[in-house]
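Let's take a friendly walk through this structure, from single helices to cores, rings and a few individual residues. Please keep the viewer open as you read.

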Amino acid sequence: MEENFRPINRIRIKKVVISGSMKFWDEIQKAASRESMSGNIVLVPWKHPDDIELTDEQRLIYNEEHYQRIDMADEMLVVNPNGYIGQSTTNEITYAVKRGIPIRYTDIFVATPTKEVIGRSIVTEEFVQKIYDRIDEFLRENPFISIVTLIGSGRHADLFRVIKNDLTRRGVMVLTPAIFNFHDPSKLTADEHLYLDSIHRMKMAFSDHILVVNPDGHIGQNTADEIKWAEDHHKPISYMRETGSSQEVNNGNES
């Protein structure tokens, strides 16, 4: 009776782990299908049914399962439509970078924006290159940084995303204002704004460094208050565009 054996000289198939927000589950499934069709073994996060509420213990196990998938992977694919990367995915990217796992993104905007609206300006390739050059300089100046909080005007929300994604793929954990998660911040109450400000202060306290996103040199009153808080708490501060002093403040709306 003939026995079936696997071929001795087998081809090693690449294992790709997929990370991304569960709100992009359909995109994650499509990405998994494309990777499988390309001949890769695909490690996909588990999505629990919407009608089931996980306990804290189950969430811990769920998270640990995915980190072990990352451990097994040869490569990570981040599903990030429109450049979106949430905090959980940011943590997973940081973990993968520190383990030396190569990372790809489904949205190329992360690495190569050419002409996008950032804040209230049309951004050219030259401008974007200056942003990346400044990030390179920032990392050379702070080679041991691991956690950074971004602060600045909400009118630069898209630029925050560019900076966050670039730093994240280099192994830095990046914390950003929670208010950017709200579609229409104008509908928030005064108490809710105070609560979000408090959360942002906690992020700053948790960070090694503060990076001020002020590409046009503008520093509004809210950002000036955050800079003052960081100075009072002895947090190192860097600027995307040096102002010479935290006192150079433009009064007015930061939105």
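## Helix α3 and its cover

At 1.5 Å a residue, the 12 residues of α3 should span 16 Å, and the end C-alpha atoms of α3 are 17 Å apart, which agrees. Please bear in mind that this is a predicted model. Within α3, the buried residues are Thr89, Thr90, Glu92, Ile93, Thr94 and Ala96. Their cover includes β1, α2, β3, β4 (103-105), α5 and β8. After α3 comes Gly100, with a positive phi near 75°.

## Helix α5

The same check can be made for α5, residues 157-169: with 13 residues at 1.5 Å each, the helix should span 18 Å, and its end C-alpha atoms lie 19 Å apart, in agreement. Leu159, Phe160, Val162, Ile163, Lys164, Asn165, Asp166, Leu167 and Thr168 are buried in α5. Just after α5, Gly171 has a positive phi of about 95°.

In soluble globular proteins, nonpolar side chains tend to be buried together. Here, the largest nonpolar core has 18 residues, and Ile135, Val148, Ile163, Leu167 and Leu211 have the most contacts inside it. At least two residues of this core come from each of α4 (125-141), β7 (147-152), α5 and β9 (209-213). Apart from this core lies another, of 11 residues, including Met76, Val78, Ile85 and Ile101.

Which residues does Leu211 contact, leaving aside its neighbours within four places in sequence? Phe138, Val148, Thr149, Leu150, Ile151, Ile163, Leu167, Ser238, Tyr239 and Met240 are in contact with Leu211. Of these partners, Val148, Ile163 and Leu167 are also named among the core residues with the most contacts.

## Aromatic pairs

A pair of aromatic rings is described by the distance of the centres and the angle of the planes. The structure holds three aromatic pairs. One of them joins Phe24 and Tyr84 edge-to-face, at 5.8 Å centre to centre with 75° between the planes. This pair links distant parts of the chain, 60 residues apart: Phe24 is in the loop between β1 (15-20) and α1 (25-37), and Tyr84 is in the loop between β3 (75-79) and α3 (87-98). Phe24 is buried, at a relative accessible area of 12%, whereas Tyr84 is partly exposed, at 30%. Tyr84 also has a charge over its face: Lys23 lies there, 3.9 Å from the ring centre.

Trp46 and Tyr62 form another edge-to-face pair, with 6.1 Å between centres and 65° between planes. Trp46 sits in the loop between β2 (41-43) and α2 (56-72) while Tyr62 belongs to helix α2, so the pair ties together parts 16 residues apart in sequence.

His66 is another residue of helix α2, and is buried, with a relative accessible area of 4%. Leaving aside neighbours within four places in sequence, His66 is in contact with Val17, Ile18, Ser19, Pro45 and Glu92. Glu92 is also one of the buried residues of α3.

Phe182 lies in the loop between β8 (173-175) and α6 (190-206). At 37% relative accessibility, this residue counts as partly exposed. Not counting residues up to four places away in sequence, Phe182 touches Leu188 and Leu196. Most residues other than glycine have a negative phi. His234 is not a glycine, yet has a positive phi of about 60°. His234 lies in the loop between α7 (221-232) and β10 (237-239) and counts as exposed, with 71% relative accessibility.

## The protein as a whole

The protein has seven helices and 10 strands. Of its 255 residues, 42% are buried. Where contacts join residues at least 6 apart in sequence, 76% of them join residues at least 24 apart. The accessible surface comes to about 15,000 Å², and carbon and sulfur atoms account for 51% of it.

Definitions and conventions:
Residues are numbered from 1 along each chain as its sequence is written. This is a predicted model: local features need pLDDT of at least 70, side-chain atom pairs count only at pLDDT 80 or more; totals for chains, interfaces and linings use all residues. Side-chain values use heavy atoms; hydrogens and water are left out. Helices (H or I, at least four residues) and strands (E, at least two) are DSSP runs, numbered from the N terminus. The expected span of a helix is 1.5 Å times one less than its number of residues. Buried means under 20% relative accessible area, exposed over 50%, partly exposed in between (1.4 Å probe, protein chains only). A nonpolar core is a set of buried Ala, Val, Leu, Ile, Met, Phe, Trp, Tyr and Cys residues joined through side-chain atoms within 4.5 Å. Contact means heavy atoms within 4.5 Å. Rings of Phe, Tyr and Trp (its six-membered ring) pair if their centres lie within 6.5 Å; planes under 30 degrees apart count as stacked, over 60 as edge-to-face and the rest as tilted. A charge sits over a ring if NZ of Lys or CZ of Arg is within 6 Å of the ring centre and within 35 degrees of the ring normal. Accessible areas come from the Shrake-Rupley method with a 1.4 Å probe; for residues, only the protein chains shown count as cover.
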